Amino acid sequence: MAVYGNGGMNTQYNHSPFEAFGVTGHTGVNLEQLFVSPSVAYRLNDSHTVSLALNLAHQRFSAQGIGPFAAASAAPEALSDQGTDTSTGVGVRLGWIGQLSPQWRVGATWSSKISGRFDKYKGLFADQGGFDIPANYGVGLAYQPTEAWTLAADYQVIQYSRVGAVGNPLSRLAAGVPLGASDGPGFGWRDVKVIKLGAAYQWQPNLTLRAGYSHATQPVPASETFFNILAPGVVQHHVTVGFTWKANRADNWSAFYGHAFNRTVAGQQSLPTAFGGGEAQVHLKENTLGVAWGRAF
């Protein structure tokens with residue numbers, strides 16, 4: 001069983017980024033996601049293993065300070081400042097690992113879309129508050145030149161464009177489709193393609209060192225920067241370092257540090273004419289620190 005948690009969006013402003021449009025005060029959104037994945041694996045033969053997992057996802061969301069956009073919403077009473085709403089959904093993940101030779105392994109994975117909905121914010125997200133977790137798929141290759149070294153490369157595609165609340169363009173407002181409507185406006189994200197490179201080194205029998213780099217294509221087009229001031233997920237380059245230490249035969253400790261380098265996306269025809277036109281610029285950088293403890297039974 002695996003348990004994962006992350007904050008998909010966490011953007012808060014003491015002073016509104018939309019002050020020029022009459023929005024003042026504390027503005028921001030917060031999205032938290034927790035994944036629990038009970039899984040089973042079956043070894044077909046000495047070279048091939050397949051796996052199946054249930055992806056149980058729990059989401060929490062809140063938004064503040066965007067009430068002045070009520071005139072652009074199909075449900076203005078469920079647009080902003082509704083406290084924290086929650087959503088729980090389930091999906092599946094399939095995987096395969098093949099041992100091509102003593103040094104080479106290859107793998108593939110696919111995860112289905114997980115349905116989600118925030119009823120308290122049905123006036124914000126397309127399809128009356130729908131907020132699905134997108135499907136993704138990927139392939140990977142690992143090479144072990146010595147017993148101490150493992151080198152790996154992965155390619156992954158995340159299908160954001162197939163989730164209305166995330167992938168639909170904000171320009172649908174100009175066509176008369178309000179926020180929260182069926183197939184309504186969203187953040188305009190494109191599908192993301194990610195390349196990951198990693199290395200692990202068994203420095204000592206009880207200590208493994210790791211490092212990695214990933215590059216993602218840009219999800220936010222220049223024409224969609226205005227709405228993405230709330231959720232500026234524009235970083236593309238990430239580096240991580242970490243280790244795992246086996247304290248004894250049962251317990252191990254892991255830690256990592258990750259840095260996402262600053263990235264700015266300048267708007268191009270990004271503000272709808274209903275809001276006066278002009279441009280919005282978004283930027284983001286991130287630092288992440290993680291610690292984990294594991295026990296073998």
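Buried means under 20% relative accessible area, exposed over 50%, and partly exposed in between, with a 1.4 Å probe and protein chains only. By that scale Glu32 is partly exposed, because its relative accessibility is 35%.

What you see above is a predicted model, where local features need pLDDT of at least 70, side-chain atom pairs count only at pLDDT 80 or more, and totals for chains, interfaces and linings use all residues. Residues are numbered from 1 along each chain as its sequence is written, and side-chain values use heavy atoms, leaving out hydrogens and water.

First, the chain as a whole. Of its 297 residues, 39% count as buried. A contact means heavy atoms within 4.5 Å. Among contacts between residues at least 6 apart in sequence, 60% join residues at least 24 apart. The accessible surface is about 15,800 Å², and carbon and sulfur atoms hold 58% of that; areas come from the Shrake-Rupley method with a 1.4 Å probe, and for residues only the protein chains shown count as cover.

Next, salt bridges: a side-chain nitrogen of Lys or Arg within 4 Å of a carboxyl oxygen of Asp or Glu. Side chains of opposite charge can pair when their charged atoms come close. The structure holds three such bridges. Glu32 is in one of them, with Arg60, at 3.5 Å from N to O. Arg60 lies in strand E4 and Glu32 in strand E2 (residues 27-37), so this pair ties together parts 28 residues apart in sequence. Arg60 is also partly exposed, at 35%.

Another bridge joins Asp251 and Arg295, at 2.8 Å from N to O. Asp251 sits in strand E12 (residues 251-266) and Arg295 in strand E13 (residues 281-295), 44 residues apart. Why does Asp251 count as buried? Because its relative accessible area is 10%. Arg295, at 43%, counts as partly exposed.

Arg172 and Asp183 form a salt bridge too, with their closest N and O atoms 3.0 Å apart.

Now the rings. Rings of Phe, Tyr and Trp (its six-membered ring) pair if their centres lie within 6.5 Å; planes under 30 degrees apart are stacked, over 60 edge-to-face, and the rest tilted. There are 11 aromatic pairs in the structure. Phe118 and Phe131 make a tilted one, 5.8 Å centre to centre with 45 degrees between the planes. Phe125 and Phe131 are tilted as well, at 4.8 Å and 55 degrees. Phe118 and Phe131 are both buried. Which residues do ring pairs link into a cluster? Phe61, Phe118, Tyr121, Phe125 and Phe131.

Last, Asn136, in strand E7 (residues 136-143). Asn136 counts as buried because its relative accessibility is 16%. Its side chain makes a polar contact with the side chain of Gln156 at 3.3 Å. A polar contact is a pair of N or O atoms within 3.5 Å; within protein, one must be able to donate a hydrogen and the other to accept it, and residues adjacent in sequence count only if both atoms are side-chain atoms. Leaving aside residues up to four places away in sequence, Asn136 touches Thr109, Trp110, Ser111, Gln156, Val157 and Ile158.

Key. Helix = DSSP H or I, 4+ residues; strand = E, 2+ residues; numbered from the N terminus.
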